[in-house]
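Work through the two exercises below with the structure at hand. Try each task before reading its solution.

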Amino acid sequence: MSRVLSWDRSVFVLLVVTVAVGAVIDPDFAGGSNLGFVLQDIGEIMLIALPMTFLIMTGEIDLSVASTAALAGCVLGWAWQASGSMAVAVLAAVGTGVVCGAVNGFLVTRLGLGSLAVTIGTLGLYRGLCYALLGDTTVADFPAGWTNLGFSSIPGTPLPYVTPLLVVLAVAFGVVLHLTRTGRWVFAVGQSVEAARFAGIPVARLKFRLFVVTGAVAGLAGIVYDLRFASARPDGALGFELAVIASVLFGGVSIFGGVGTMWGVVSAVLFLGSVRSLLQLQGVPGNALTIITGGLLLASVVIPVVAQRWSAFRERRSRVLAAATP
Amino acid sequence: MVDAEPLVRVRGAAKAFGGVQALRDASLELFAGEVHALLGENGAGKSTLLKVLAGVHRTDSGEVTIGGGPFEQGSTRRSREQGVAVIYQEPSLFPDLSLAENVFIGRQPVTGRGAVDWARMRRAAAVLFGQLGVDLDPDRPARGLSIADQQIVEIAKALSTDARVIVMDEPTAALSASESERLLDVARRLRDGGAAVVFVSHRLDEVFALCDRLTVMRDGATVHTCPVAGTDAGEVVRWMVGRELTDLFPKTETTPGDVVLRVRGLTTDGVFDDVSFDVRAGEIVAFAGLVGSGRSEVVRAVFGIDRYDSGSVEVLGSPLPPADPRAALARGVALVPEDRRQQGLFMPASIARNTAVVVLSRLARRGVVRERAERELAAHWAQRLQLRHGGLDQPVERLSGGNQQKVVLAKWLATDPRLLVVDEPTRGIDVGTKAEVHRLLSEQAGQGLAVLMVSSELPEVLGMADRVLVMREGRLMATLDRAEATQERVMLAATGQASVAGEGSAA
Amino acid sequence: MNGGLRRVLAGREAPVAGALLVVLAVTTAVNPRFLSDQGRFDLLVAIAITGLMAVGQTFVLVMRHVDLSVGSVLGLSAFMAGSAVRGDTGGSLLVALLVGIVVGVVAGLVNGALVAFLRLPALVVTLGTLYVFQGVQALLTGGTRINADQLPTSVVSFGVTGFLGVPWLMWVCLLAAALGGVFLRTRRSGRDLYAVGSNPPAAELVGIPVARRTLLAYMVSGACAGGAGVLFLARFGGVDSNAGIGYELPVVAACVVGGVNIFGGSGTVLGALLGAMLLKTMGVSLSALSVPEFWQQAINGLLLLVAITADRIVLLRRERSARVEAARHRREQVDAGPALPTDGADRAGHDGVTTTEVVR
Amino acid sequence: MRPTRLRLVAFLAVAAASLAACGGGSSAGAGSSSSAAAPSESASAPAATAGAVKEGLKIAILPKAINIPYFDAAYAGAQKACAEIKAECEQIGPTQATGAAQLQFINTVIQKKYDALVISAADANSVVPALKKAQDAGVAVVTYDADVADTSARSVMVKPTTPDLIGKSQVDWISKAVGSGGGEIAILSAAATAENQNAWIKIMKDELAANHPELKLVDTVYGDDDAAKSAEKAAALMQSHPNLKGIISPTTVGVAAAAKYISGSKYKGTVQVTGLGLPSEMKAYVKDGTVKSFGLWDPGMLGYLGVYAAGVKASGGDPKAGFKAGDKDYTVDGDGVAIVGPPQEFTAENVDQFNF
């Protein structure tokens with residue numbers, strides 16, 4: 001893969017092509033209401049993908065994000081019923097996310113445990129706490145003013161209320177990753193933890209904070225999820241963790257850390273959302289959609305490798321040819 | 001030297017990696033029953049040639065024969081089957097497997113039904129260890145084994161294959177004196193048993209003590225082969241570097257100023273013990289000693305990379321908190337680490353990014369790192385250190401070793417330190433760049449910088465240092481002033497032959 | 001055998017087995033029916049499927065890889081095996097097993113080829129094939145499902161009967177564990193898997209055919225997941241398109257609890273099986289102890305965290321004491337060491353270059 | 001990449017597919033024939049039916065999830081109705097039964113400008129906003145099998161039978177099976193959050209307290225509609241309650257798993273199983289004597305009536321006033337619910353007559 005056609009660029013191109021092709025073959029696809037729907041539909045995934053990009057860039061991973069979001073969602077419902085104040089409930093939910101992230105961060109950075117194993121454990125723990133908190137009940141009496149935020153559009157536009165949140169956070173995370181010292185540190189830690197420590201980068205503290213931020217944003221996503229579905233339930237956001245990770249990896253972030261761009265990830269989330277919507281509108285059955293998701297994820301790792309081997313092969317061949325020519 | 005026909009013959013071997021010609025015209029003849037030294041500077045092509053014999057690489061052209069017939073290249077397994085065993089500089093054992101299994105991996109003795117015969121394997125390993133004169137438990141896992149013992153396991157592995165050709169790539173680099181001696185004995189025994197032993201070492205004394213013949217390589221080609229008996233060290237060095245070595249160490253005379261670094265009683269159990277010393281402004285203090293004597297560990301602890309168990313570190317009169325590199329940085333301490341690729345650089349990142357990574361906050365305005373300031377900084381240092389590069393956006397992984405080292409130095413000098421700690425500042429870089437680095441360090445010290453240098457190269461230590469601290473087995477054995485530091489004294493202290501050489505014990 | 005005994009006691013299996021015994025003892029003390037004939041039988045049935053998959057997963061984990069697609073493979077194989085014997089009446093159990101295992105092996109080949117030959121990260125590859133296999137299964141299944149009355153009695157009764165008080169399903173699991181354990185312990189190629197996981201570059205250097213071994217490990221993992229599909233079919237007397245969804249992380253968790261290092265190099269089939277037993281037993285015993293339903297999942301998650309934390313602490317302690325011990329040993333050796341001849345140093349002087357170590 | 005499809009690997013495959021179990025109500029009539037059977041009370045309603053149904057309507061049938069025999073049977077009934085009113089109908093749906101997954105398809109219905117949507121809500125709350133949006137876009141929304149929490153999000157609900165009947169029938173069945181001696185019984189439900197299950201369980205408790213003092217409900221456990229988990233929960237019940245005499249599982253996955261477990265254990269014959277199950281899945285256990293009887297309704301009728309109700313609404317009528325399906329009239333109560341009839345009880349004698 002040459003630098004000109006790096007994977008993140010390719011994903012962006014794919015996104016543009018998909019939208020263009022979609023608009024031609026299906027007028028409903030490019031309509032405002034469908035656009036709004038797609039944005040709403042990817043909301044939580046996009047939110048969590050932003051900090052997850054940071055984490056994976058540093059070579060860590062957090063599988064507990066969906067459980068964190070669900071727990072925050074449950075706390076939102078529980079706190080709303082207990083306090084009668086949505087402001088209190090929202091604070092409690094985000095706070096829950098922060099605590100969940102801090103627990104992950106503590107176990108990984110202080111005890112030196114592998115983040116994969118730790119977050120498999122907290123994935124079960126946090127989800128279990130959801131059930132412990134709400135049991136078999138569903139909280140569905142959020143004030144209408146709030147739930148409207150979850151699923152209606154900004155007046156005069158087809159865009160859901162979550163749009164500005166997504167844009168602001170995506171830009172903010174992008175700026176931090178690509179323009180600030182913290183962002184440089186993230187790249188550095190992903191490229192070589194050891195060199196980062198020698199360069200005085202507070203690796204453990206940085207990672208701890210990333211876990212906390214991931215938890216906080218997952219908590220936020222839990223609130224968005226609750227409002228979108230007008231209910232808080234212990235099985236909310238089930239399975240989102242793999243959706244998020246697949247998006248981040250598809251966006252060109254290396255699972256080994258140190259490589260990736262925020263706009264690649266954002267493009268990937270939008271692309272996968274668009275493809276899915278387009279196929280759905282074309283009546284492609286759900287079964288095929290599952291295969292396509294897996295196929296795209298595989299393609300995101302297979303294609304760069306095959307392309308690299310192909311170009312290496314061509315280079316070798318041209319060298320051999322050049323050597324053979326007198 | 002016994003047979004007329006060499007056991008292994010390499011003629012005109014060439015090998016390129018990408019655009020780099022690692023071997024151009026390498027030749028080597030090995031006879032059964034000799035220890036053959038292979039010498040040359042880093043990058044001369046020794047490792048590549050060895051890896052051809054090991055089956056890791058395949059030559060592009062040239063001829064390799066073994067026992068008179070063609071040598072089948074390109075498979076480590078085939079190499080072994082053809083009687084070649086290689087002991088690498090960095091032993092690569094399997095930490096989770098037992099020592100016995102490490103010796104026999106892939107060739108474990110099996111019972112009639114094809115099951116691994118653990119008891120037999122254990123006994124066989126014990127016999128091998130016995131032959132090598134070490135007391136190692138064949139059942140213990142390799143994890144946590146000292147480098148010397150790992151080396152022994154590697155040799156046991158070679159012995160167990162009944163190898164005809166045994167290649168040792170810098171086997172003694174990390175060994176203590178007695179361990180080295182034990183190893184040389186082993187090599188002699190192998191030779192007496194009729195094997196051809198290839199011995200790569202930078203310690204010429206060992207070469208002269210052990211080897212029968214030597215081959216010198218330079219720039220991918222063999223430049224000289226002769227019996228050891230008829231030559232001496234100076235001649236060998238000239239063959240290696242291709243010119244006379246003069247004025248390598250442009251030492252600037254300075255008057256030491258205030259104490260910048262004061263270390264007292266620094267101890268980490270099992271690593272180093274009760275280390276105390278001072279470094280003054282304008283002074284270059286060198287840590288000498290064998291690899292593994294704890295020098296690097298001490299400077300890592302001083303800088304805060306590792307935690308220490310007891311002792312104190314003061315910078316400019318006030319204590320430095322332990323295990324906090326940022327605090328050390330803030331107080332003007334910089335550490336150029338030992339392992340450039342792993343610890344010094346972010347290989348995929350650009351020259352500019354690498355240069356600026358420690359001083360980002362200085363380059364940021366309202367939190368946003370200004371790319372222009374970053375590039376200006378990098379350009380400044382690139383020019384100052386005469387960095388040869390293809391643009392500041394070039395990833396450092398594409399630079400040569402010497403230029404990479406310059407980037408590391410630039411990165412740390414950019415912090416404008418009061419104390420510069422350099423760990424093996426010239427390891428693996430070419431002679432020309434080496435001199436540049438030495439000149440730079442001298443110059444910086446001349447301007448009042450305190451320099452603490454760890455080096456395994458005695459000439460560098462003797463040529464550069466105002467004071468020499470000698471470590472052995474985690475203990476500070478001697479402190480020698482520039483005037484009293486001689487090669488003999490340093491080596492004696494480092495190898496424990498005359499423990500404290502009398503003068504200037506540790507502070 | 002002294003060494004063998006020592007190894008067992010020092011190994012990672014002993015604490016897991018100990019914990020298992022404690023759980024069994026406590027639960028039985030509180031609820032004596034927990035280990036009644038039927039209780040034991042039910043417990044073993046519940047363990048068999050996860051246990052079998054954990055056996056296969058061990059092969060992959062010791063090589064420093066992972067196979068997340070096992071749940072999807074289970075579903076696919078259960079359906080294919082079920083279809084193959086649907087409507088038959090005779091003893092087609094073997095046919096079902098054969099079909100299931102072949103499906104698993106093929107799936108393992110796909111995973112293994114991508115990981116071994118293209119050198120792709122296992123986590124990403126098997127996450128991708130998780131979706132692909134699941135989608136393939138759903139496409140093949142369509143809206144159908146296979147019910148108990150369509151299956152030959154040999155298959156259905158296989159799921160509920162046993163031998164010597166141990167369910168047949170558990171015998172399958174034990175057989176696989178025994179074969180896998182013997183292979184990993186006594187075959188050269190089995191030992192290669194540990195070598196690769198312990199130090200991949202070194203494995204290449206000593207000439208281990210890494211790609212072939214990787215392929216083998218994934219085929220074993222696939223075969224176990226495929227076999228587990230047939231067990232699933234027998235146990236539930238049917239299969240629908242949701243079979244196996246969500247099984248992968250519990251399987252990995254079982255291995256981790258059983259002392260299989262997620263970073264490769266160590267761990268045994270026995271440990272993985274014990275891990276699966278411990279987790280399942282714990283789950284069942286929480287019910288038997290009448291722990292409130294809604295707290296059980298949280299407790300299970302917590303236990304996993306405790307297991308890996310304890311493991312880590314033990315490892316750190318061991319490394320530290322090994323380091324101190326090694327240093328002491330080295331120092332003794334040096335202090336007692338023979339004198340080094342210094343003639344090398346004398347000989348080296350020439351042209352102002354006094355050196356013992358020139359040019360590192 | 002959406003939530004739904006990625007949910008695959010959730011740590012403990014919780015509630016993913018709250019498969020069939022749920023209930024809408026259709027008459028007990030076999031197959032999907034509308035004229036046969038249909039002993040429903042509603043059939044007696046006066047012909048206050050809305051105006052004629054337009055031809056050529058485009059109707060979407062959205063089950064909780066596809067690949068489920070129960071819903072395929074319902075779809076067969078829907079297709080029959082569509083043929084009768086000359087509508088074009090199509091079943092769409094996710095592979096995982098969640099409200100989140102259904103959203104996608106509701107959006108498709110809106111974008112593709114279907115005239116009507118007949119949906120079984122996988123989650124009573126989470127699809128409400130989307131359904132309201134669909135109504136705003138002019139789509140006629142009818143629920144079948146499982147309703148939504150906010151009744152203004154649909155015009156009518158075609159319910160298989162009343163929760164009351166479902167609850168009481170199951171208590172009757174277990175009472176018959178256990179015998180007059182009575183004893184301890186337990187409930188094996190689906191997900192803890194499944195509203196319909198919880199409603200039925202409440203009715204069962206009331207019914208037990210009121211009319212069956214000989215039966216003592218000792219535990220309620222949740223198998224999350226996962227076969228393995230349900231079987232393990234059934235086994236665990238036997239451990240914690242040695243004197244258990246019966247299990248009620250008001251969910252098709254749970255009842256099949258419990259029956260399978262009991263049939264292979266020593267409890268066969270001493271512990272009774274009943275609940276809501278599919279004849280095709282339960283056939284084997286009824287015949288081997290593990291299960292004396294169980295019940296369900298004809299899913300085909302759900303789809304059949306759902307399409308008719310949707311057709312009326314999409315043609316500008318109001319099915320809330322009652323509607324005509326085939327040649328029968330159905331009443332609709334104040335909550336907009338059309339009831340089809342009591343559940344059908346299946347026994348060894350009649351189970352072979354049903355093909356879903």
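This is a predicted model: local features need pLDDT of at least 70, side-chain atom pairs count only at pLDDT 80 or more; totals for chains, interfaces and linings use all residues.

Residues are numbered from 1 along each chain as its sequence is written, chains are lettered from A and ligands numbered from 1 in written order, and side-chain values use heavy atoms, without hydrogens and water.

**Exercise 1.** Describe the interface between domain 1 and domain 2 of chain D.

*Solution.* 
- Step 1: find the parts. In chain D, domain 1 spans 58-159 + 298-339 and domain 2 spans 162-296; such bounds come from an automatic or database domain assignment.
- Step 2: take the area. About 500 Å² is buried between domain 1 and domain 2 of chain D, and carbon and sulfur atoms give 66% of it. Buried area is the accessible area (1.4 Å probe) that two parts lose on being put together, summed over both.
- Step 3: name the main residues. D:Y70, D:K159 and D:I339 lose the most area on the domain 1 side, together 50% of what that side buries.
- Step 4: look for salt bridges (a side-chain nitrogen of Lys or Arg within 4 Å of a carboxyl oxygen of Asp or Glu). The count between these two domains of chain D is zero.

**Exercise 2.** Where do B:R366 and B:D416 lie, and are they buried or exposed?

*Solution.* 
- Step 1: read the angles. B:R366 has a positive phi of about 50 degrees. For B:D416, phi is about 60 degrees. Most residues other than glycine have a negative phi.
- Step 2: B:R366 sits in the loop between β17 (364-365) and β18 (368-369) of chain B. B:D416 is in the loop between α15 (401-413) and β19 (419-423) of chain B. Helices (H or I, at least four residues) and strands (E, at least two) are DSSP runs, numbered from the N terminus.
- Step 3: check accessibility. B:R366 is exposed at 79% relative accessibility, and B:D416 is exposed at 61%. Exposed means over 50% relative accessible area, buried under 20%, partly exposed in between (1.4 Å probe, protein chains only).
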